[in-house]
Amino acid sequence: MAGVSRNTEQKYLLNGIQYNAPIDWADATVEAKYIDDNTQPSLTISDYTFPFEARNAIKAWFDNNCFEGMPMDVILYNNLPQQVVFKSVLDFTSNYQELLQEGKVTVSVLKEDGIDDLYSKIEALTYGYLESIDAVGAGDYTDCDYVVEKKFNLLEIIMASVMLYLMIKELAEAIEKLADAIASVAGLLLFIGTGSTALGAALLAVLKALLIAAYVAVLIIAVINLAKSLFEALVPKKRTHKTIMLRTALKVVVEHLGYTLSAPSAILDTYYLPSNPRLDEKEDNGFIKTLKGVPSGIPNVQDFGYNCADMFTLAKRLMRGKIALINGVVHVRPMNDPFWTTQPSWNLPSVLINAKKYNLNELKSTKVYQFRIDTNDDWTIDEYKGTAYEVKTDVTSFTNKKNILLKGLEEVNFSLALGSRKSKLNAIEELLAAVGGAIDEVTGFFGGGTSFKAGVKSKVGVLRQTNNWHTVPKLLPLKGGKLSASYKTDLSAKMLYDEYLNYDSFIVNGGKRQRAIYEGVEIPFGIEDFKVLSINPYFKYNGVTAKIMSFNWTTGKDKATISFWVQEKYTNKLKETFIEPE
């Protein structure tokens, strides 16, 4: 805390013009709370009351544009060759009052580019709005190949396959007869000149060959039509959804608000697939006329994530992450990112500390991390492994089991479902691929052949779902528009725990999540302390990582009351049991 100003003087500038200090400025307070172990504080700043000329300037600004905060700079200085500027804006949406008889106004203050202000702006945005103003659009979306693969009715499959097999067999026999008839015609033509009997036989053979050829042509058309119907019913066409990468979804919001994004975590390379409430258009015969995949990568109105704040919440849940706004850059990073703790620039003054607590209450006996299932997509149920992960923490040593204090359940729901990959052909598709190959060979013999076999095999590697209409958005690890071959290990509740979520474990990482807590510590405090702790609340206490939990600063008296934690391992009598349901 080198160079901290003490006994500071203050200047107040409204929109760049200096005015007299607000009434009772010396008793003004700033209360900061780092909620949920956040890295930037949620601020509550006492209201200011401005008299006379300042009142007139504020009223004029309000009358001109009451929904734009008026810039206010608080300049602190002393006899040292330095000064510090605290930039803020007057917030007319909170507690603004005109005291008519007293000739004063009272108004709240927001820190310029503060985290609370950022959250409020993000909460006010939806992706539908951003798409309507072209802040997000086609260039931000990524194609995702998929196929609708239902659970099959075995009897229907057998009957349809037998029918197709018999028709192919009949076609093959008809072609063989046609070949024999053509051969007969060719042989008889050699003897046409020997007499009327040979001529008549030749004409009869030609007629027979023509009839067989006509039958073969009709049969080929019937086989192709039946094959198309059967393949469409059992092996639907490959389709395309539109998705959006999580990082892109965050980026368009941040840039719309005038900031830049720093979000290096690999989990943000996964893709958000909105729900699909659209039904395919069908012909009168029941077959599909128009495929209806997800047309836009942004969430649907009913999806978790449609409100832009939900997308940031999703990112934080997936990585046990936090958000900070530092010098115009919005950082979205996991709590285990060294970014948060490297090079702390604040030092705790030497003060008397006479009370100490521990964070035992933060540990829950059971924690469950889970994705959702979609009752309209059976694959999210049948391939359940990876959807949930349970961590049970127990005490390893005790005298009376009934007196164990470790208890409680915490559930972390990611609000999206996982995808299922079509990794191979199923049994019926293997059969149809073989049958399709036979049809391709037969139709190819006559030119303009079909490609049923290739159509079957092209589905391998894509996302599969049992209905085109899926009701829960999905999170997908895509590569080249398909689910990655290692999709089960690339994205699962267990993977997220191992990579990010074990930050809250009291055992892993040497028990660093065990903490000593110091509350109500009064220290010297100035504007420089506030600036530093608003950006980075970490510091070193006796050489160990520590972090501010809250502070209450009386701005005109150069003092604050703080609470903070320090990493301190106080027990090794814990064990964890991991459960991954299948």
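A residue counts as exposed when its relative accessible area is over 50%. F52, with a relative accessible area of 57%, is therefore exposed. This value, like the others in this report, comes from a predicted model.

**Overall make-up**

The chain has 582 residues, and 47% of them are buried. Its secondary structure comes to 14 helices and 31 strands. Take the contacts between residues at least 6 apart in sequence: 75% of them join residues at least 24 apart.

Most residues other than glycine have a negative phi. F52 is not a glycine, yet its phi is positive, at about 50 degrees. F52 belongs to helix α1, which covers residues 52-64. N15 is also not a glycine and has a positive phi, of about 55 degrees. N15 sits in the loop between β1 (9-14) and β2 (17-19). Is N15 buried, partly exposed or exposed? Its relative accessibility is 42%, so N15 counts as partly exposed.

**Helix α7 and its partners**

Two packed helices are described by the angle between their axes and the distance between the axes. Helix α7 spans residues 308-319. Two pairings that involve α7 are set out below.

| Helix pair | Axis distance | Crossing angle |
|---|---|---|
| α6 (residues 246-256) and α7 | within 10 Å | roughly 135 degrees |
| α2 (residues 115-123) and α7 | within 6 Å | roughly 120 degrees |

Start with α6. Its axis and that of α7 cross at roughly 135 degrees. That angle makes α6 oblique to α7. The crossing is left-handed. On the α6 side, the contact is made by L246, A249, L250, V253 and V254. On the α7 side, C308, M311, F312, L314, A315 and L318 take part. What classes of residue make up this contact of α6 with α7? There are 11 nonpolar residues, no polar ones and no charged ones.

Now α2. The axes of α2 and α7 cross at roughly 120 degrees. The two helices are therefore oblique to each other. From α2 come Y119, I122 and E123; they meet C308, A309, F312 and K316 of α7. By class, this contact has 5 nonpolar, no polar and 2 charged residues.

**Nonpolar cores**

The largest nonpolar core has 49 residues. Which residues have the most contacts inside it? They are Y127, V253, I267, L318, V332, F371 and L496. Helix α7 supplies the largest share of this core, with 8 residues. V253 is in contact with I122, L125, Y127, L130, C308 and F312, leaving aside its neighbours within four places in sequence. Another core, of 47 residues, lies apart from the largest one. Its members include L14, L348, F525 and I527.

**S42 and its contacts**

S42 lies in strand β4, residues 42-45. With a relative accessible area of 26%, S42 is partly exposed. What does S42 touch, not counting residues up to four places away in sequence? The list is E31, A32, K33, I35 and D116. D116 is 74 residues away from S42 along the chain. The C-alpha atoms of S42 and D116 are separated by 5.9 Å.

Definitions and conventions:
Residues are numbered from 1 along each chain as its sequence is written. This is a predicted model: local features need pLDDT of at least 70, side-chain atom pairs count only at pLDDT 80 or more; totals for chains, interfaces and linings use all residues. Side-chain values use heavy atoms; hydrogens and water are left out. Axes are lines fitted to C-alpha atoms, for helices over the stretch in contact, and angles run from 0 to 180 degrees between N-to-C directions. Helices (H or I, at least four residues) and strands (E, at least two) are DSSP runs, numbered from the N terminus. Angles under 35 degrees count as roughly parallel, over 145 as roughly antiparallel, 65 to 115 as roughly perpendicular and the rest as oblique. A crossing is left-handed if the near helix is turned anticlockwise from the far one by less than a right angle, and right-handed if clockwise. Contact means heavy atoms within 4.5 Å. Ala, Val, Leu, Ile, Met, Phe, Trp, Tyr, Cys and Pro count as nonpolar, Asp, Glu, Lys and Arg as charged, and the others, Gly among them, as polar. Buried means under 20% relative accessible area, exposed over 50%, partly exposed in between (1.4 Å probe, protein chains only). A nonpolar core is a set of buried Ala, Val, Leu, Ile, Met, Phe, Trp, Tyr and Cys residues joined through side-chain atoms within 4.5 Å.
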